[in-house]
Amino acid sequence: MNDSGALLPWLVIRQDDNGNRYRVGRYATRAEAQKVVDGFEDRGHEQLYWVERIGQADSSPAATRN
């Protein structure tokens, strides 16, 4: 059995207005994950989105609310 974390180590995370966090998707590269985040932001989504690497959660997302 494979550890898919090794193949898809980049996560897109969404935080809603209540502070709840959800994994939106897993990606092979940071650039691929960032493209997804940029797409959500370009479409005017209100929630906060950011990219994390599995095992290296960032408690202060760099993305900003639209």
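What share of the contacts in the protein between residues at least 6 apart in sequence join residues at least 24 apart? In this predicted model, the share is 35%.

## Overall composition

The protein contains two helices and three strands. Read from the N terminus, its elements follow the order α-β-β-α-β.

Of its 66 residues, 30% count as buried. The accessible surface amounts to about 4500 Å², and carbon and sulfur atoms account for 46% of it.

## The sheet

Strands of a sheet pair through backbone hydrogen bonds, in either a parallel or an antiparallel manner. Here the three strands make an open sheet with the order E2-E1-E3, and their pairing is antiparallel. Strand E2 (21-27) and strand E3 (48-53) lie at the edges with a single partner strand each, so one side of each has no neighbour in the sheet. On average, neighbouring strands are turned by 25 degrees against each other, direction ignored.

Helix H2 (residues 30-42) packs on this sheet and touches E1, E2 and E3. The direction of H2 makes about 175 degrees with that of E3.

Strand E1 (residues 10-15) is joined to E2 by six bridges in the antiparallel sense. In one of these strands, E2, tyrosine 27 is the bridge partner of tryptophan 10.

## An aromatic pair

A pair of aromatic rings is described by the distance between the centres and the angle between the planes. The count for this model is one aromatic pair. Phenylalanine 40 and tyrosine 49 form this stacked pair, with 4.5 Å from centre to centre and 15 degrees between the planes. Both phenylalanine 40 and tyrosine 49 are buried.

Conventions. Residues numbered from 1 in each chain as written. Predicted model: local features only at pLDDT ≥ 70, side-chain atom pairs only at ≥ 80, totals over all residues. Heavy atoms only, no water. Phe/Tyr/Trp six-rings, centres within 6.5 Å; stacked < 30°, edge-to-face > 60°. Buried < 20%, exposed > 50% of the residue type's maximum accessible area, 1.4 Å probe, protein only. Pairing = 2+ DSSP bridges. Helix = DSSP H or I, 4+ residues; strand = E, 2+ residues; numbered from the N terminus. Axes fitted to C-alpha atoms, helices over the stretch in contact; angles between N-to-C directions. Contact = heavy atoms within 4.5 Å. Areas by Shrake-Rupley, 256 points an atom, 1.4 Å probe, with all protein chains shown as cover.
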